[in-house]
Amino acid sequence: MSEAQTRPKLAETHIDPDVSLREATIGRCCEILRGTAVEYATLGDYSYLGPNCTVADAEIGRFCAIAASVRIGAPNHPIDRPSLHRFTYCPEYYDADAQRDQAFFRDRRDDRVRIGHDVWIGHAVTVLPGVSVGDGAVLAAGAVVTRDVPPFTVVGGVPARPIRERFPPAIAARLQRIAWWNWPFELIMQRLPDFQSNDIEAFCDRWDPAG
């Protein structure tokens, strides 16, 4: 029997038993698969994390699709100090009388990643601290994202660079006005045929509040 057949129906949030959570806020109807760790982060409603992901110091929007082995908020080392090594900020690992550098960790917590709504993050992507990813963006598999990504933009590579826009700017602006990710889920399901159509202009014509 396949994993898809054995996985419980996603009526509410499902978190595999070996997932590690630390000061994490998980939304409704989310899914977090095995081997994943989430700390100091929020995961919006209906978003899911594949296996073996690490998420730290991040805010992730609704309806995000995050593949396996993704690293969000990969922490930086202190490159401006005489040494990069952790003994400079975790000296208590090596000397019981030494004090942890709490200011270093406060700065790390504040340097948050912000992922918008309906973002697709491919296999083994790394998103560095402080990066913002706009609504509807796509981060291609293996990308290392070091800079902000505009909404509805596909990026890839090391470091990640724009590959193309998903839609013309006018369509992207209409989709952000529609902001369907904020609709009640029952309404989304009622309008499912519109989501299953590739006629993006018809979708916008029907649901854009600006007409």
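How do the residues of the lining of the second largest pocket divide into nonpolar, polar and charged? I took that up in this predicted model.

**Second largest pocket**

I find 7 nonpolar, 3 polar and 8 charged residues in its lining. The space in this pocket is about 340 Å³. I count 18 lining residues, and R22, E39, F105, R108 and R109 lie nearest the centre. Two or more residues each come from β4 (37-43), β6 and α2 (102-110). The largest share, 4 residues, is from α2.

**Largest pocket**

Next I turned to the largest pocket, with about 630 Å³ of space. Its lining has 27 residues; D118, R166, W180, F195 and F203 lie nearest the centre. By class I note 19 nonpolar, 3 polar and 5 charged residues. I looked up the helices too: α4 (185-190), α5 (192-195) and α6 (200-207) each supply at least two lining residues.

The peptide bond from V158 to P159 is cis, with omega near -10°. I place P159 in the loop between β15 (153-156) and β16 (161-165).

F63 has a positive phi of about 60°. It sits in the loop between β6 (54-60) and β7 (65-66). Is F63 buried or exposed? Its relative accessible area is 14%, so I log F63 as buried, the cut-off being under 20%.

S69 also has a positive phi of about 60°. I find S69 in the loop between β7 and β8 (71-72). Its relative accessible area is 33%, so S69 goes down as partly exposed.

Terms used:
Residues numbered from 1 in each chain as written. Predicted model: local features only at pLDDT ≥ 70, side-chain atom pairs only at ≥ 80, totals over all residues. Heavy atoms only, no water. Buried < 20%, exposed > 50% of the residue type's maximum accessible area, 1.4 Å probe, protein only. 1 Å grid on protein atoms, 1.4 Å probe; cavity = no way out; pocket = protein on both sides within 12 Å on 5 of 7 lines; lining within 4 Å. Points joined across faces, edges and corners; volume = space filled by probe spheres on them. Nonpolar A, V, L, I, M, F, W, Y, C, P; charged D, E, K, R; others polar.
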